[in-house]
Amino acid sequence: MLTAEPDRARVIVFWSLECSYCQEELQWLAGRDGSEAEVVLVATDPVTSAEAVSTRLRKYGFEPARHWIFAEAFVERLRYDVDPGWGGELPRTYLVAAGEEPIGVSGRLDRERFDAWLQSVTGD
């Protein structure tokens with residue numbers, strides 16, 4: 001998951017319904033056209049919240065079927081599998097460029113940092 005396509009960057013966002021910073025990040029990511037980087041969203045809410053997660057994703061203009069939700073009650077193991085250094089803070093965003101190590105960002109993603117990273121990997 002923490003890899004990118006050879007010709008396209010990937011942004012992976014772990015978020016939750018209860019996280020206000022997550023909502024801000026989802027909102028501005030939804031406003032981007034998405035052509036320069038694929039956005040993958042993973043809700044860390046319990047699978048019993050799937051309908052609420054889908055509703056929220058639709059609200060921001062994301063297609064819920066193309067995104068994920070944690071499906072296991074023992075979320076610590078899932079987080080560790082993603083990144084042993086991730087303590088569960090949200091949002092947790094990974095900026096992934098082909099052939100490079102993912103860059104993990106905990107907390108609100110700074111738009112200027114994101115734009116600079118995107119420009120560095122796309123050359124635009």
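**Cavity, pocket and strand**

Analyst: Happy to! This is a predicted model. Let's begin with the lining of the largest cavity: its residues split into 5 nonpolar, 1 polar and 2 charged. They are Val11, Leu29, Arg32, Gly34, Glu36, Ala37, Val39 and Phe114.

User: What makes the largest cavity count in a search for cavities of 30 Å³ or more?

Analyst: The largest cavity has a volume of about 30 Å³, and the search of the whole structure finds 1 cavity at that cut-off of 30 Å³ or more.

User: And which strand gives the most to the lining of the largest pocket?

Analyst: That is E2, with 4 residues. The pocket holds about 320 Å³ of space, and Glu38, Val39, Phe62, Arg66 and His67 are the closest to its centre among 17 lining residues.

User: Why is strand E4 described as largely enclosed by the rest of the structure?

Analyst: Buried means under 20% relative accessible area. In E4 (residues 92-96), 5 of the 5 residues are buried, so the strand is largely enclosed by the rest of the structure. Both faces are covered, with Arg92, Tyr94 and Val96 on one side and Thr93 and Leu95 on the other.

User: How do you know that E4 pairs with strands E1 and E5?

Analyst: Pairing needs at least two bridges found by DSSP. E1 (residues 9-15) and E4 have 5 bridges in the antiparallel sense, and Val11 is the bridge partner of Leu95. E4 and E5 (residues 103-106) are joined by 4 bridges, also running antiparallel, with Arg92 opposite Ser106. Both pairs therefore meet the cut-off of at least two bridges.

Methods:
Residues numbered from 1 in each chain as written. Predicted model: local features only at pLDDT ≥ 70, side-chain atom pairs only at ≥ 80, totals over all residues. Heavy atoms only, no water. 1 Å grid on protein atoms, 1.4 Å probe; cavity = no way out; pocket = protein on both sides within 12 Å on 5 of 7 lines; lining within 4 Å. Points joined across faces, edges and corners; volume = space filled by probe spheres on them. Nonpolar A, V, L, I, M, F, W, Y, C, P; charged D, E, K, R; others polar. Buried < 20%, exposed > 50% of the residue type's maximum accessible area, 1.4 Å probe, protein only.
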